[in-house]
Amino acid sequence: MQGDAYLKSIFPDSDLEYSIENTDVLSEKGHMLDVKYKNRPSDKLKEVFSQRRNPQGSIFNESGVWRFRELLNFCQIDTENLEECSKYLVSLDGAEGRQSKPYHMSKAAEFIGISNDNLWLQPEGYNPSGSFKDNGMTTAVTHAKMVGATKIVCASTGNTSASAGMFAANEGINCDVYIPAGQIAPGKLSQAYQFGAQIVEVDGNFDDALKQSLDDAKNHNGYTVNSVNPFRIEGQKTIPFRALEYLEWEVPDWIVYPGGALGNTSSCGKALMELYEWGWIKKIPRIAVINSEGASTLSDLYNGKFEGEELRWNKGKPNAELITRYYDHLDNQGIRPKTKATAIQIGRPANIFKALRALEFTNGVSTTVSDSEMLDGMSVVGLNGFDCEMASGASVVGIKKLINEGIIKKDDVVVGILTGRQKDAMLPVDYHQNPQNRFAIPPKN
Ligand SMILES: *Cc1c(COP(=O)(O)O)cnc(C)c1O
């Protein structure tokens, strides 16, 4: 053990720090936490990571997450010692992150109106449970195991429960998942059942389910694996790491994500902050977060659509009251998050502060797209022979919208993250039955 990892409040004016064995996801003041490392990793590791792509018999080299283990070494182990890796690191036989890297997709590029050379789309649906969540779950469950947890708990719009259930079953620990009843794609729900998770149906939406799961974790000794967990964020840093590595650490101009609970946005921001601080990258890509029109908390607040104030991280002094008033406004008006892209149907994004920090560091932007646009985005990805779900389509049409608005320039290099694979079987079937849809290929009889 090298002893250099600890937890720290994300607010710069707070000096609350905790040992790495801490299991509370928030500080005693209710602040989100970061995993911090005292040591500065040498950029000679770039060569080590590249060599590990020939795994030499180690599943921790094969894993697209643990290949970068020096940059998320919160277990503080000797990362070259295979025995120690096997003892501490949770992995699904190296499958997490293994298949994901950025690809060119010419039909998507044509639809977006960008040159094919400048567009990269990274399908995270090719993770073992079918979404990017595996990148963060493998690390969260590693921490759960490190502190001796016997039950993990999460709320989910579907993919978190599939991923949590899979890793829990593989590690032989229990898993409770809180889901908004009737609002989960059957393909995701069935995975949670298949992996033997205990489903708890909540009468309400995702935000209600999250609240209930956090209460239950506290009261019944559960270990929370939602993206409020700072160790989830560590694993998800490898999504931009892989993109950057495949681009030979040539930094793109933009990285684009759909926005739900904003864990991905937060992890990308943290990854870039660390790489920049260590001198591994000289330029900072801008992050674009694409909300659905029906669940647009970040976009509304960031763009000053509520009370006219543009919410900012403001160097660690964000206007938290503005967020509270926005949530009160949603409640008072009876506004519930509503989109067919259930993975991003979230009104109260738990990582909003970390996401604001990420946007400030990267000079980021946020915007919204409609359900029908997302379905077009999803469908054009399919025409390139790649699979993704509706929420992931937001990255594609979000890029298109930002190019049309002149925010992303036509010669910018853009990486869009396709967050998950299709688990809502009837969406493409319905889409293609209707000849009005832009990419529909209706059946013949
Ligand atoms: C969870 C999820 C999202 C939302 O990601 P956040 O990190 O919560 O913003 C988007 N797309 C898919 C497919 C997901 O499973």
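I looked up P258 first: its bridge partner in β10 is I290. This is a predicted model, where local features need pLDDT of at least 70, side-chain atom pairs count only at pLDDT 80 or more, and totals for chains, interfaces and linings use all residues. Residues are numbered from 1 along each chain as its sequence is written, and side-chain values use heavy atoms, with hydrogens and water left out.

**Strands.** I noted β9 at residues 254-258, paired with β10 in the parallel sense over five bridges. Strands are DSSP runs of E, at least two residues; helices are runs of H or I, at least four; both are numbered from the N terminus. Two strands pair if DSSP finds at least two bridges between them. From β9 the chain passes through helix α11 (residues 263-277) to β10, a right-handed β-α-β crossover. Right-handed means that, with the strands pointing away from the viewer, the path from the first strand over the helix to the second runs clockwise.

I then checked β10 against β11 (residues 365-369): parallel again, over five bridges. V289 stands opposite S366 in β11.

**Burial.** Is β10 covered or open? I found six of its seven residues (286-292) buried. Buried means under 20% relative accessible area (1.4 Å probe, protein chains only).

**Cores.** I found 90 residues in the largest nonpolar core, with I152 and I352 having the most contacts inside it. Such a core is a set of buried Ala, Val, Leu, Ile, Met, Phe, Trp, Tyr and Cys residues joined through side-chain atoms within 4.5 Å. Helix α14 (residues 352-362) gives this core its largest share, six residues. Apart from it lies another core of 38 residues, including I290 and M374.

Notes:
Buried means under 20% relative accessible area, exposed over 50%, partly exposed in between (1.4 Å probe, protein chains only).
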